Amino acid sequence: MQLNGLIYSLPKEIKLLLTAFVIVLSIGFFTGLLFVNQTSTANPNGIEEQYLGNENDEEATVMKFKKTEKQMLNIVHSHILSMALIFVLLGAILSTTQLSYKLKVFLMIEPFLSVVLTFGGLYLLWKGITWMKYIVMVSGTLMTLSYSISALIILKQLLFSKKVKSE
């Protein structure tokens with residue numbers, strides 16, 4: 001079955017459905033990033049402080065305590081499951097776009113690796129492997145870039161018809 005470029009031939013109502021879905025999904029995704037920025041200042045030390053606490057920092061303006069194992073397991077479990085669903089749905093839609101095979105496969109598979117590295121990395125950071133904060137930062141950035149590029153490609157191809165070459 002040929003999927004490459006199928007997005008252009010979808011019925012208008014399916015295009016509208018997928019457009020609404022990707023827009024609403026993106027609002028949710030980027031709202032989550034705003035929350036991350038509010039809670040961990042989106043830098044390696046902020047990430048470490050968010051999960052390991054800052055009780056020893058007398059200069060801290062906001063006191064943060066080390067997360068419990070129950071909290072960490074809840075964060076890791078819920079994020080890995082929900083992000084897997086987000087990326088399988090986005091990947092399924094992306095599979096119908098007209099795009100080079102290698103880029104398409106990268107954008108479809110990379111987010112799953114980043115999800116495991118990001119949330120597995122947070123758990124390992126919490127367990128005391130503090131250099132994981134850098135892995136979390138890089139993988140989280142790569143996951144966000146993959147999501148953003150995929151969503152933009154999908155929306156562009158849903159909203160703008162493929163230009164037919166006149167001969």
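**Notes on the predicted model**

1. Leaving aside neighbours within four places in sequence, Ser26 is in contact with Tyr147 and Ala151, where contact means heavy atoms within 4.5 Å. Ser26 lies in helix H1 and is buried, with a relative accessible area of 11%; buried means under 20% relative accessible area, exposed over 50%, and partly exposed in between, with a 1.4 Å probe and protein chains only. The side chain of Ser26 also reaches the backbone oxygen of Val22 at 2.8 Å. This is a polar contact in the sense of a pair of N or O atoms within 3.5 Å, where within protein one must be able to donate a hydrogen and the other to accept it, and residues adjacent in sequence count only if both atoms are side-chain atoms.

2. On the basis of these notes: this is a predicted model, in which local features need pLDDT of at least 70 and side-chain atom pairs count only at pLDDT 80 or more, while totals for chains, interfaces and linings use all residues. Residues are numbered from 1 along each chain as its sequence is written, and side-chain values use heavy atoms, with hydrogens and water left out.

3. The chain holds 5 helices and 0 strands, both taken as DSSP runs numbered from the N terminus (helices H or I, at least four residues; strands E, at least two). The C-alpha atoms fill a box of roughly 70 × 25 × 25 Å along the principal axes, and 38% of the 167 residues count as buried. Among contacts between residues at least 6 apart in sequence, 72% join residues at least 24 apart.

4. Which residues touch the most other members of the largest nonpolar core? They are Met83, Leu122, Tyr147 and Ile154, out of 33 residues in that core; a nonpolar core is a set of buried Ala, Val, Leu, Ile, Met, Phe, Trp, Tyr and Cys residues joined through side-chain atoms within 4.5 Å. Two or more residues of this core come from each of helix H1 (12–40), H2, helix H3 (69–94), helix H4 (101–126) and H5. Not counting residues up to four places away in sequence, Ile154 touches Ile7, Val22, Leu90, Ile93, Leu94 and Thr97.

5. Thr144 has its place in helix H5 (residues 132–159) and is buried, with a relative accessible area of 18%. Its contacts, once neighbours within four places in sequence are set aside, are with Phe29, Phe30 and Leu33.

6. In helix H2 (residues 44–52), the buried residues include Gly46, Ile47, Gln50 and Tyr51. Seen down the axis of H2, the buried residues fall within an arc of 125°, so they line one face of the helix; the arc is that of the directions from the helix axis to the C-beta atoms. At the start of H2, a side-chain oxygen of Asn43 comes to within 3.0 Å of the backbone nitrogen of Asn45, and just after H2, Gly53 takes a positive phi of about 85°.

7. Helix H3 has 26 residues and reaches 36 Å from its first C-alpha to its last, close to the 38 Å expected at 1.5 Å a residue; the expected span is 1.5 Å times one less than the number of residues. Among the buried residues of H3 are Met72, Ile75, Val76, Met83 and Leu90. Ser78, found in the same helix H3, is partly exposed, with a relative accessible area of 31%, and a polar atom of its side chain lies 3.4 Å from the backbone oxygen of Ile75.

8. For H4, the 26 residues should span 38 Å, and the end C-alpha atoms are 38 Å apart, which agrees. Even so, H4 bends by about 30° at Ile109, with a proline, Pro111, following within four residues; the bend is the angle between axes fitted to the seven residues ending at a residue and the seven starting there. After H4 comes Gly128, whose phi is positive, near 115°.

9. Not counting residues up to four places away in sequence, Leu125 touches Ile47, Glu48, Leu52, Thr130, Met132 and Lys133. The C-alpha atoms of Leu125 and Glu48, 77 residues apart along the chain, are separated by 7.2 Å.
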